[in-house]
Amino acid sequence: MKNVKVKYFCRAVVFLAVLVIILVEINRIFMPKFFYENDWATTNTYTGFYKMKKNSIDVLFLGSSHA
C-alpha cells in the first residue's frame, strides 16, 4: 500500500513539473514583443519624460490616451 502512494506521489510531482514548464514556455511565446524591444513600453515613456532637459517642453497634454 505504501509503494502505491509513493508511486502516485512521484507521478503527481512529475506531472506538475511538466505542467509548470509548459505554462512558462507558453507565457514566453505569447508575451507582447514590446517587453523585449522596449520601444513603446510605458516605463520607457515616462522615465524618458523625467530625463528631459528642464524647460524643453512647449506643450504637455495630461489625461487619457485620447488627449
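Q: Hi! Is I57 buried, partly exposed or exposed, and why?
A: I57 counts as partly exposed because its relative accessible area is 35%. On this scale, buried means under 20% relative accessible area, exposed means over 50%, and partly exposed is in between (1.4 Å probe, protein chains only).

Q: Thanks! What is I57 in contact with?
A: Leaving aside neighbours within four places in sequence, I57 is in contact with F49 and M52, where contact means heavy atoms within 4.5 Å.

Q: And where is I57 found?
A: I57 is in the segment after helix 3 (42-50). Helices (H or I, at least four residues) and strands (E, at least two) are DSSP runs, numbered from the N terminus.

Q: What kind of model is this, by the way?
A: This is a predicted model, where local features need pLDDT of at least 70, side-chain atom pairs count only at pLDDT 80 or more, and totals for chains, interfaces and linings use all residues. Residues are numbered from 1 along each chain as its sequence is written, and side-chain values use heavy atoms, with hydrogens and water left out.

Q: Got it. How many helices and strands are in the chain?
A: The chain has 3 helices and 0 strands, running α-α-α from the N terminus on.

Q: What share of the residues is buried?
A: Of the 67 residues in the chain, 1% are buried.

Q: New topic: where is V18 found?
A: V18 sits in helix 1 (residues 2-30). V18 is partly exposed because its relative accessibility is 43%.
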